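Let's take a friendly walk through a protein model, with an eye on its side chains and its backbone. Have the sequence and the 3D view at hand as you read.

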Amino acid sequence: MVLTSEQVPQTDAQTLKSKHKKQRQRNRPRNKRNRLEDSNTTTPETSATDAASAMPGKQDAVATEKTRDQVMAEREAKKLAKQAKKQKNATTSTAAAPAPPTASTTVSPTPATPATKIITEVEQTTITTKLTTTTTTKVQDAVVSKTTQPAAVNGKDAEAGDKTREQIKAEREAKKAAKKAGKGGGAKVEGVSQQMADLKVAEQVPVPANAAPAATEADQEKKKPALSKAERRAIQEAQRAAKAQGQTKKAQPAGKAPPTAVPKEPKRESVSPTKAAASSSPSKCPASTPNGDCRVKLFNHLVCAKEDSQFINDPLVHPSIARLGVQYARRTVVGSNARCIAFLHALRQVVHDFETPAKKEFGRSLDAAVKHHVDHLHKCRPLAVSVSNAYKQFKNQLTQLPADVPETELKELLVHFIDTYIENQIGKAAQAISGFLQEKITDGDVLLTFACSSLIQFICEEAKRRQVAFRVIVVDSRPGCEGQELLRRLHANGIPCTYVLINAVGYVMAEATKVLLGAHALLANGYVMARTGTAQVALVANAHNVPVLVCCETHKFSERFQTDAIVYNELSDPNQLVRGDKCQLSNWAAKGKLLPLNLSYDITPPELVSAVVTEVAILPCTSVPVILRIKPDIGY
């Protein structure tokens with residue numbers, strides 16, 4: 001009778017072994033390595049396992065503990081092998097490669113069979129050799145990695161470590177100097193630069209005594225061009241501080257200059273604003289294009305006068321508009337009515353010569369072209385209120401053009417609108433205003449006026465044609481002296497006149513019976529915007545109880561509110577205040593704190609104005625909003 005392996009009764013040792021196996025499998029984590037070890041230790045393929053099957057349970061338990069120690073040693077060997085592979089050392093990788101565990105390895109410190117004893121000693125020797133070799137290799141790699149670094153790098157690191165505190169101080173000093181640059185001036189920048197120079201000289205690494213002189217000099221020459229990050233930061237802070245003082249020179253790149261030559265550049269650049277202003281001549285900084293040094297800070301928001309040469313060559317601007325822009329810039333055409341009439345004549349020429357682009361609408365294309373021309377005129381000189389109102393009316397007319405009309409007829413409609421606007425808003429309005437004032441002018445009146453106004457000239461000429469015996473006192477002021485032109489025109493018509501400057505208006509105001517003033521614009525709050533000096537004349541007249549009549553057409557009414565001459569105004573050329581070479585202002589640009597101010601307009605409050613004479617009626621200043629509301633229904 002033959003018995004199979006399943007039918008053979010198990011011994012006590014086998015039973016105890018299976019129990020330990022199940023307990024070990026329950027206690028140990030289930031990973032791939034443990035599963036393989038369990039299968040290797042329990043397979044009946046080796047002679048050592050068959051021999052141990054007859055041993056008592058105590059020996060099996062000891063073998064289980066030995067196997068666990070062996071696994072831990074193998075894990076440590078594999079970890080060290082992985083670390084060695086990361087360092088890319090072929091020799092270390094070969095020496096630290098772990099051997100796979102064999103089924104016949106059974107470590108046993110207790111006495112056993114001779115074969116088992118020999119295998120245990122060999123395996124222990126192998127594992128100990130692996131652990132020792134891996135640990136020694138790791139330590140050697142760490143030592144080699146430190147010892148194989150370049151000497152220059154070590155020197156640089158040591159140098160950087162020595163300079164850390166010094167560099168931090170230099171950075172702090174440079175930042176403080178940059179923040180206080182606006183208050184301290186260029187002397188602080190020079191002080192910081194000198195500190196940087198002293199710091200860089202002191203930061204050089206000392207040469208060892210046993211080193212060769214030739215090698216030391218070569219190392220110093222190699223280290224000279226290289227600047228650390230802190231030094232570059234300090235140089236940048238110094239350059240920013242120099243730029244804050246208004247300097248425009250560019251510093252030499254830090255990478256090309258030696259450390260001892262870098263601090264010299266801020267010294268050359270740190271020139272005080274006063275010396276810079278003194279060294280620059282007025283011809284190099286023309287007042288016609290003033291910069292921030294030639295303007296009063298309170299009026300920096302205002303538009304300055306510009307040179308007329310930059311407005312000539314513009315291919316997109318019509319020649320008539322280019323010519324008008326030059327006349328605006330040179331003050332050849334002055335006065336609200338004169339500027340408005342000149343603008344409308346140039347606009348009529350633009351409409352006449354305009355050609356609609358292909359696949360474009362006439363109205364929209366012309367609107368874009370006119371807008372570009374108006375912007376060009378505004379660059380030459382800020383537009384007058386009369387010009388702005390005329391442009392608004394023209395744009396409104398463009399939006400009302402019919403769509404199914406030929407282009408030639410549309411141009412005729414626009415040209416007719418321009419001619420009608422000039423005739424009604426300027427010509428007939430002047431006649432209506434003159435008619436209202438002719439009733440107020442009687443024989444023996446003395447009319448006082450200021451500067452030059454085409455409307456006041458027309459009123460005086462009409463009174464002369466009516467053969468009224470009166471005379472005119474023309475008050476004028478520098479720098480424009482526009483009253484001289486009005487004096488010439490009135491004298492040509494045979495009207496007796498008296499010409500005085502504004503500083504004598506208090507002496508002649510007692511002789512005047514009425515004060516007639518022109519206006520650049522009439523604001524919505526009732527204030528009058530006119531030539532600079534108008535408010536002074538109105539104030540003196542109010543002190544002498546002389547009525548002040550402001551003559552202004554409705555096309556000069558503005559919807560803007562303004563109570564002073566600072567919010568909106570126009571700056572004229574400050575060189576107009578210079579009378580000649582012998583004047584004390586002849587070299588004003590070279591003087592540090594002398595800033596001439598030449599304002600074009602001033603604001604007269606409504607309390608100083610008796611009435612405003614318009615083509616609608618003689619109204620108080622407070623009626624301006626009413627006129628602005630009903631103006632479209634008037635028909636002018």
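What follows covers the nonpolar cores, the aromatic rings and a few backbone details.

This is a predicted model, in which local features need pLDDT of at least 70 and side-chain atom pairs count only at pLDDT 80 or more, while totals for chains, interfaces and linings use all residues. Residues are numbered from 1 along each chain as its sequence is written, and side-chain values use heavy atoms, with hydrogens and water left out.

**The nonpolar cores**

A nonpolar core here is a set of buried Ala, Val, Leu, Ile, Met, Phe, Trp, Tyr and Cys residues joined through side-chain atoms within 4.5 Å. Buried stands for under 20% relative accessible area, exposed for over 50%, and partly exposed for anything in between (1.4 Å probe, protein chains only). The largest core has 36 residues, and those that touch the most other members are F343, L344, L366, F394 and L414. At least two residues of this core come from each of α14 (319–329), α15 (336–353), α16 (362–380), α17 (385–399) and α18. The largest share, eight residues, is supplied by α15. Helices (H or I, at least four residues) and strands (E, at least two) are DSSP runs, numbered from the N terminus.

Leaving aside residues up to four places away in sequence, L414 touches V351, F362, L366, F394, Q397, L398 and L401, where contact means heavy atoms within 4.5 Å. Apart from this core lies another, of 23 residues, including L455, C460, V468 and F470.

**Aromatic rings**

How many aromatic pairs does the structure hold? There are two. Rings of Phe, Tyr and Trp (its six-membered ring) pair if their centres lie within 6.5 Å; planes under 30 degrees apart count as stacked, over 60 as edge-to-face and the rest as tilted.

| Pair | Centre distance | Plane angle | Type |
|---|---|---|---|
| F354 and F362 | 5.9 Å | 65° | edge-to-face |
| F417 and Y421 | 6.2 Å | 45° | tilted |

F354 and F362 are both buried. In the other pair, F417 counts as buried because its relative accessibility is 17%, and Y421 does so at 8%. About one helical turn separates F417 and Y421, because they are four residues apart in helix α18 (residues 407–438).

Two arginines sit over rings as well: R339 lies over the face of Y328, 5.3 Å from the ring centre, and R560 over the face of Y568, at 4.2 Å. The cut-offs are NZ of Lys or CZ of Arg within 6 Å of the ring centre and within 35 degrees of the ring normal.

**Backbone details**

Most residues other than glycine have a negative phi, and most peptide bonds are trans. Which residues does a cis peptide bond join? It joins R478 and P479, with omega about 5°; P479 lies in the loop between β2 (470–476) and α20 (483–492).

Q467 is not a glycine, yet its phi is positive, about 60°. Q467 belongs to the loop between α19 (454–465) and β2 and counts as exposed at 72% relative accessibility. N545, also not a glycine, has a positive phi near 60°. N545 lies in the loop between α22 and β7 (548–551) and is exposed, at 70% relative accessibility.

Finally, look at N542 in helix α22 (residues 534–543). N542 is partly exposed, with a relative accessible area of 38%. Although N542 and L608 are 66 residues apart along the chain, their C-alpha atoms are separated by 6.1 Å.
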